[in-house]
Amino acid sequence: MRKLLSTFAVVVSSAVALTACGSSSGAQTLRVGTLTDAPPSIYLENGQFTGYDNELLRDIAKREGFQVEFVGTEFSGLLAKVASGQLDIGSSTISATAARKKTVAFSNGYDTSYTTVVTKKGAGLAQAGAFAGKRLGVVQGSVQDEFAGKLAGAQVVRFPDYNAGFAQLRSGALDGWVVPKDIGQKYLDQNPGVPLEFGYTVLDKDTPSAYAVAKSDPDLLNKLNDGLAKAIADGTVARLHAQFFKQAPVAKELAKGGPGLPVKNA
């Protein structure tokens, strides 16, 4: 009996050792919430999640020793899922606003952007005071949702994704579609025969795009910031930005060797 117990103990001990070895050598896989229809930042191509945000995150993951599994998620519920642990990271051109910092923690910034109103050509919606009685589409829960709500007299219509809003704009059901300018530019480039143009536009430099993580996971936040800093230092950020944003130069803070875009969560 003692011999059997001894043998059993050796087997269990070996199994535990093998398990520990496997967990330490295998890369951890993290679930990343992202969108499917917001090129060039975040989108699906041939069934693969890609775009500037997601390819940069893949690069950071490789540097920091973890893997990523992308999950298509509606933006309106993304931050809540990150905060509750259903998702490990949010990657969807998320502006690091003060209100959102109450729910999640943000990495340092990896992009700056403009918010713009895409309109029919000749609509005359180039000034902040031109929106009284106008129907403006937004992605629910986005910074653009908040932006449109501050335009006096605007009627804000909320959608779960970008494609739905663009379709309504083209049909004439909307007067304007409020989006990050790079997403608007991509849509205009892909639909050259549609008579659309940019209207009122503002810079969002004080709230850069950043990855979202749970406040309870400072180790992951540190990994994201470390990997991002390395990607800025060696020019990877600038290269990926040029790859996906053909018409917009990278912010000087994100150019090779630049200081980065620090985000304070406190």
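Start with strand β6, which gives four residues to the lining of the largest cavity, the largest share. Strands here are DSSP runs of E, at least two residues long, and helices are runs of H or I, at least four long, all numbered from the N terminus. This is a predicted model, where local features need pLDDT of at least 70, side-chain atom pairs count only at pLDDT 80 or more, and totals for chains, interfaces and linings use all residues. Residues are numbered from 1 along each chain as its sequence is written, and side-chain values use heavy atoms, with hydrogens and water left out.

The structure holds two cavities of 30 Å³ or more. A cavity is a set of points on a 1 Å grid over the protein atoms alone where a 1.4 Å probe fits but cannot get out; lining residues have an atom within 4 Å of a point. The largest cavity has a volume of about 110 Å³. Of its 15 lining residues, S92, T93, S95, Q144 and P180 are the closest to the centre. Both β6 (89–95) and α4 (143–149) give two or more residues to this lining.

The second largest cavity has a volume of about 30 Å³. Its lining includes L35, F75, S92, T93 and Y162.

Now turn to helix α8, residues 236–244. Its buried residues (under 20% relative accessible area, 1.4 Å probe, protein chains only) are T236, V237, L240, H241 and F244. Seen down the axis of α8, they fall within an arc of 130 degrees, so they line one face of the helix. Their cover includes α2 (52–64) and α7 (218–233).

Definitions and conventions: On a 1 Å grid over the protein atoms alone, a cavity is a set of points where a 1.4 Å probe fits but cannot get out, and a pocket is an open set with protein on both sides within 12 Å along at least five of seven lines; lining residues have an atom within 4 Å of a point. Grid points are joined across faces, edges and corners, and a volume is the space filled by probe spheres set on the points. Buried means under 20% relative accessible area, exposed over 50%, partly exposed in between (1.4 Å probe, protein chains only). The arc is that of the directions from the helix axis to the C-beta atoms. Contact means heavy atoms within 4.5 Å.
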